Amino acid sequence: MNNNTNLFKINLSPDDTEINISEDETILTASLRNDIQHLHACGGLEMCSTCRVEVLSGEDNLCPKSESEQALSDKLELPSNIRLACQTKVKGNVKLKRLLLDQKDLVLANQMTKNSVGSIGSTNLLH
Ligand code: FES
């Protein structure tokens, strides 16, 4: 993060917290930097969707989905307001909800993802 970088706020539930994010980092990176236990089974490689968040407000302040994020969203039939935190940057304040919170959620998501996109490993590259 350099000194000329814009800073924005993420209001994150269910953590009931507000964190800063710079325009050059992803939501996942900002979340982990603030010690949020944000699941990221594939290590941010856009393969697992365990980092997914629901956009509660400020959807226009998010970068558009990349082709590969859109492809994974389509395969998993995720609504348009569900974003991969590991791929999404912001350009304004947003209000988000983490959707997968614990090991049980991770197991369920892994089963769904396996059925849709094949097996994934569990990596821990970011944290
Ligand atoms: S951490 Fe796996 S898709 Fe985001």
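First, a term for the tour: two residues are in contact if their C-beta atoms, placed from the backbone, lie within 7 Å. Two notes on what you're looking at. This is a predicted model, in which local features need pLDDT of at least 70 and side-chain atom pairs count only at pLDDT 80 or more, while totals for chains, interfaces and linings use all residues. Residues are numbered from 1 along each chain as its sequence is written.

**Stop 1: I27 and the core**

Select I27. Leaving out neighbours within four places in sequence, I27 is in contact with I10, I21, V53, A85, T88, V90 and L96. Now colour the largest nonpolar core, which has 22 residues. A nonpolar core here is a set of buried Ala, Val, Leu, Ile, Met, Phe, Trp, Tyr and Cys residues joined through C-beta atoms within 7 Å. A residue is buried if 20 or more other C-beta atoms lie within 10 Å of its own, exposed if 12 or fewer, and partly exposed in between, again with C-beta atoms placed from the backbone. I10, I27, L28, C51, A85 and L96 have the most contacts inside this core. Strand 1, helix 1 and strand 5 each supply at least two of its residues, and helix 1 gives the most, with four.

**Stop 2: the whole fold**

Zoom out and switch to cartoon. There are three helices and five strands, taken as DSSP runs numbered from the N terminus (helices are H or I, at least four residues; strands are E, at least two). From the N terminus on, they run β-β-α-β-α-β-β-α. Buried residues make up 28% of the 127 residues. Of the contacts with a separation of 6 or more, 69% are between residues 24 or more positions apart.

**Stop 3: strand 3 and its partners**

Which strands pair with strand 3 in the antiparallel sense? Two strands pair if DSSP finds at least two bridges between them. Select residues 52-57 for strand 3, then 82-84 for strand 4: three bridges join these antiparallel strands. Within this pairing, V53 stands opposite R83.

**Stop 4: the loop between strands 1 and 2**

Go to P14, in the loop between strand 1 (7-13) and strand 2. The peptide bond joining S13 and P14 is cis, with omega about 5°. D16 is in the loop between strand 1 and strand 2 too, and has a positive phi of about 55° although it is not a glycine. D16 counts as exposed because it has 7 C-beta neighbours inside 10 Å.

**Stop 5: loops on either side of helix 1**

D24 lies in the loop between strand 2 (17-22) and helix 1 (27-33). With 11 C-beta neighbours inside 10 Å, D24 is exposed. Draw a distance from D24 to K91: they are 67 residues apart along the chain, with C-alpha atoms 9.2 Å apart. Then jump to D35, in the loop between helix 1 and strand 3. D35 has a positive phi, near 60°, and is not a glycine.

**Stop 6: L106**

Finish in helix 3 (residues 103-117), where you'll find L106. Is L106 exposed or partly exposed? L106 has 16 other C-beta atoms within 10 Å, so it is partly exposed. Not counting residues up to four places away in sequence, L106 touches L39, A41, T50 and L100. Also pick H40: its C-alpha is 9.2 Å from that of L106, across 66 residues of sequence.
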